[in-house]
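Take a look at the model below.

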Amino acid sequence: QVRLVESGGGLVQPGGSLSLSCVASGSIGSINTMAWYRQAPGKQRELVADYTVGDGKKYAASVKGRFTISVDDAKNAAYLQMNSLKPEDTAVYYCHVDLWTRDYIRAADIWGQGTQVTVSS
């Protein structure tokens, strides 16, 4: 099995910064994509940013220029640096991974438990 553990959410004032971390553990062979999604109350879950091996990084238009995704292959970890936060960034943020296990089984839809980010004065 593969498990994702997220950390780093919290309350921040508009214009502030937060950094989220996601660490994958378990039977990990190779990672294809690590991504961050978010879901605000009453809204659908949306992609915030992702990193795909061989394809690079992608960002939602609403966060481009403010958020940065980074991945540490050696640690099987993904990070999301969020700057210039706005109240509309308030949501539960989820880590997602698509990978191959050590037994060469594709695990394409693994989610973390989510971490709350609240942007408010």
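The model is predicted, so local features need pLDDT of at least 70, side-chain atom pairs count only at pLDDT 80 or more, and totals for chains, interfaces and linings use all residues. Residues are numbered from 1 along each chain as its sequence is written, and side-chain values use heavy atoms, with hydrogens and water left out.

Strands (E, at least two residues) are DSSP runs, numbered from the N terminus. Two of them pair if DSSP finds at least two bridges between them. Strands of a sheet pair through backbone hydrogen bonds, either parallel or antiparallel.

| Strands | Sense | Bridges |
|---|---|---|
| E2 (residues 10-12) and E11 | parallel | three |
| E9 and E11 | antiparallel | three |
| E3 (residues 18-26) and E8 (residues 77-82) | antiparallel | six |

Glycine 10 has valine 117 in E11 as its bridge partner. For valine 92, the partner in E11 is glutamine 116. Serine 19 stands opposite glutamine 81 in E8.

Now the open sheet. Its four strands follow the order E1-E3-E8-E7, with antiparallel pairing. Strand E1 (2-7) and strand E7 (67-72) are the edges, and each pairs on one side only. On average, neighbouring strands of this sheet are turned by 15° against each other, direction ignored. Here, axes are lines fitted to C-alpha atoms, and angles run from 0 to 180 degrees between N-to-C directions.

Cysteine 22 is located in strand E3. Is cysteine 22 buried or exposed? Cysteine 22 counts as buried because its relative accessibility is 0%. (Buried means under 20% relative accessible area, exposed over 50%, partly exposed in between, with a 1.4 Å probe and protein chains only.)

The largest nonpolar core has 31 residues. (Such a core is a set of buried Ala, Val, Leu, Ile, Met, Phe, Trp, Tyr and Cys residues joined through side-chain atoms within 4.5 Å.) Among those with the most contacts inside it are Trp36, Phe67 and Leu99. Strand E9 (residues 91-100) gives the most to this core, with five residues.
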